2 protein chains.
Amino acid sequence: MATALESVKERFATISDLGHARSLLFWDERTQMPPGGAHARSEALATLARLSHEMVIADDLADAIERAAEEVRDLDPDSDDARLIRVTRRDTAKARRVPSELRAELARAASVGEQAWVKARERSDFGAFLPHLERNVELAREYVGCFAPYEHPYDPLLDDYEPGMRTAELKPVLAALRDGLSPLIERLAAADPPDNACLHGDFPLAAQGELARSVLDGIPIAADERRLDETVHPFATSIAPTDLRITTRYEEGYVGTAVWAVIHEAGHAMYENGIAPELARGPLGHGLSLGFHESQSRMWENWVGRSRPYLAHLLPTLRSAFPDAFGTVGAEELYRAANRVEPSLIRVEADEATYNLHIIVRFELEVGLFNGELEPAELPEEWNRRMRDYLGVEVPDDAHGVLQDVHWAGGAFGYFPTYALGNVIAGQLWELARAALPDLDGQIGRGEPEPLRDWLRAQLHRHGAKFEPAEMIERLTGGPLDPTPLLRQLEAKYAEVYGLG
Amino acid sequence: MATALESVKERFATISDLGHARSLLFWDERTQMPPGGAHARSEALATLARLSHEMVIADDLADAIERAAEEVRDLDPDSDDARLIRVTRRDTAKARRVPSELRAELARAASVGEQAWVKARERSDFGAFLPHLERNVELAREYVGCFAPYEHPYDPLLDDYEPGMRTAELKPVLAALRDGLSPLIERLAAADPPDNACLHGDFPLAAQGELARSVLDGIPIAADERRLDETVHPFATSIAPTDLRITTRYEEGYVGTAVWAVIHEAGHAMYENGIAPELARGPLGHGLSLGFHESQSRMWENWVGRSRPYLAHLLPTLRSAFPDAFGTVGAEELYRAANRVEPSLIRVEADEATYNLHIIVRFELEVGLFNGELEPAELPEEWNRRMRDYLGVEVPDDAHGVLQDVHWAGGAFGYFPTYALGNVIAGQLWELARAALPDLDGQIGRGEPEPLRDWLRAQLHRHGAKFEPAEMIERLTGGPLDPTPLLRQLEAKYAEVYGLG
């Protein structure tokens, strides 16, 4: 006789296998699929999403979870089984509060909205996009309504990406980040920027592909558990913890993408790679939140990948790939080139410091849309004002402003803050890692990233989605989410790179 | 209010989308997947198969089909909707006759059997494989029992791959093929074989990849609806009719695979590519049987790909890819080299003529296993005797004999005859095509295969799985399955190539 716990696990193994298929279909669509397959692929993906959702909201699953909760009542609340029931109870209850018609309407409006956005962005025509945006916001407000009462109307949205995170908790963190970064960026903008000419030039794509492979070989993921492909918008996806698909793009005129996009995506992949095998193929068998995921990609990209020891170690590889460009470049010059700060208009091209301000602009606007202070029509003006205030840049048109990102077009409100959260968490983790690994710089400089990977695995990766973000931060640091380490490290780094007093 | 017909279509759209995902997982496993993904992939594929099967045998689907049958009662029986109900009624009824426990046991024994077979074949140890084979045969006999009463116990097996085909119908066709081919092959074995040295040598793999791409570019499938990848055992799969995945392998010492395996697999892909768009994403949206599928791959491989005009057209491409090997080879020499007949031990390496005898050996043994004349332990002796009688070759060990194929290890009885059926049907179709397209040779010689593709599409491809094999042969030829055209064409071709009287 199977226990209710076993039956819950079996259900989620099926849901997880559907997720495996969905991830593969998604990856294939972006890296391998002949263009003729697009229409059929949309239909197949929609069907798999619907089947998964039907399984998650099934009444008999909810019943089995309640019975299983009784079965695990005496277990250690931090045991895998107790946590599995806690997480699935929470997730299925949330999913069951949304009527199927609303969910279908959200999906439909997102799909229509994305198509409209593509055209509107091309012509920088916010007016043409506005009705679609208004529809998405209207539906998202209705979605929020399903979770009343809530502390803040933005909470249910944020919670979709950062389980348990509250707006009241996030707001002061991002405000402190904004207030710390804005003056720093102002000081840097007034100073002499490091020369980054060596990263720009003419880099044949085949050689960049070789370089990207070398970079990936230096990341501690077993070669038979991952692959690297080219795509338009780089991403990483886990088909299974031992089947990781990393993608990148190459720019003929800039070699940085072949290095840092690969390290970034490999950081995501390494997180999934480290999840305890006993959690795989189940509801805890993935990273715990988008913010924590981004903490891993950002840490590897920025704190490892743009560090002095890493770049000194990489330099011979760069020189052998591009002797003309890097033959006479020294390690210090490369380090400075990799750490130039420059306020700009486009988020995805922003450097490590200004990036957070791009996110804060979006976060403040999103909160405004849901607390009743802002309507979609007002977004361009509010966007442009903030870009001026926080980053000191003038937005010339909406294509370079409010229309630049796909998220709102696809109805994804509450997603943006997780990017900045990733940086904040990475800052906290990096301080801990430095303390735990006194020879970290030496290890990175010798091309030995395994001790850092092992530390991260033990502290974070292996737990998968067992804990909520706030719990995990508490377990790691003994305290709450805190932007101070990130600000402290950015201050120190740039003061040195820019030679500020 | 949705009609029952609409609800049946909706169910099968979902089942078809699961098929889309399964095909992609299968293709990815064989062409892209990092080895670390193998275990998770098996589980995901098993789950998708189980979900599909549960949907096919669901009681409410059976009810909806019965209600839909009433709705379509007055339609033209050859209309898409009437055929859809006829086919789904038949397929679901067949699936519902097999108890779930037996189906699970069949899958388990097949998986265990395949693993045991890999080891047994390596050591040429039939004894080690025998218990697994016995278990597969026992379960297959039990499976057959689910369909009693039947005309012949082999019928339900054959029907899984060739819907509606009966053993009584197939037996005389294959016997006539055997009796026609054996003496021909004996005569050819006694004659001077054509020199095929130009196909053997040292062909760098990169250049073979280029050659394979050129060959595929000459096949009329839109470039944005297919791709070509490398694999161990070539196959083609349809993710959707406009998303076709063709695979091949390359042999350093033999250039033929890069040509004929690609044409063969492209023949399969072209069939799926030609299915009417209104049948896609439904139960009729695929080729009608394995035999008909093989008729397309074989026709393109052998009747087009080994023809004088095709090879004369290909020769400049071969010369530019491999100037040393083909610089001084003439078109006639290439044609003769491509049409050498040689009795051999291994089916997958056999030529066009002897191939059918390999199949007939297997067919006769399979029929014996299910009509009570033969037990698995007797297979090696019976195999070797037939190889001697029909092909004149001595089997040195079971690895080169009864252990060479995976089919029986995986419990696939009834599959082999479809290979020979494909050749027989291709022979019938080729005679019709020649009559319908008087300039066929000229078109092929000018690199214009579109008229042949269009004719096949109109006669066969567009109908998908609307008709059963026997009906389709009747529609095409006005008569039954008939090996005479194939025998006539092989006789004529080899008499000329071998200069026989």
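This is a predicted model: local features need pLDDT of at least 70, side-chain atom pairs count only at pLDDT 80 or more; totals for chains, interfaces and linings use all residues.
Hi everyone. Let me start with confidence. The model scores ipTM 0.94 and pTM 0.95. For chain A, the mean pLDDT is 96, and 100% of its residues reach 70 or more.

Now, how are the two chains related? Chain A can be laid on chain B by a turn of 180 degrees with a shift of 0.0 Å along the axis, and the RMSD is 0.0 Å. The two copies are therefore related as by a two-fold rotation axis. If you want to find that axis on screen, look for A21(A): in chain A, its C-alpha is the nearest to the axis, 3.2 Å from it.

On to the interface. Here 34 residues of chain A are in contact with 35 residues of chain B. Because 100% of the interface residues of chain A are also interface residues in chain B, the copies meet through the same surface. Between them the chains bury about 2,600 Å², 60% of it on carbon and sulfur atoms. In chain A, the residues that lose the most area to chain B are H20(A), Q32(A) and P34(A), together 17% of what that side buries.

What about polar links? Across the interface there are 18 residue pairs in polar contact and six salt bridges. One salt bridge joins the side chains of D243(A) and R41(B), at 3.6 Å, N to O. The elements giving two or more residues to chain A's side are α1, α2, β1, β2 and β3 of chain A.

Last, a look at two strands in chain B. Strands β2(B) and β3(B) run antiparallel, joined by four bridges, and a hairpin of two residues connects them. There, A240(B) stands opposite D243(B). Thanks, everyone!

Methods
Residues are numbered from 1 along each chain as its sequence is written. Chains are lettered from A and ligands numbered from 1 in the order in which they are written. Side-chain values use heavy atoms; hydrogens and water are left out. Two strands pair if DSSP finds at least two bridges between them. Copies are superposed by least squares on the C-alpha atoms of residues with pLDDT of at least 70 in both. Contact means heavy atoms within 4.5 Å. pLDDT is the predictor's confidence in each residue, from 0 to 100. Buried area is the accessible area (1.4 Å probe) that two parts lose on being put together, summed over both. A salt bridge is a side-chain nitrogen of Lys or Arg within 4 Å of a carboxyl oxygen of Asp or Glu. A polar contact is a pair of N or O atoms within 3.5 Å; within protein, one must be able to donate a hydrogen and the other to accept it, and residues adjacent in sequence count only if both atoms are side-chain atoms.
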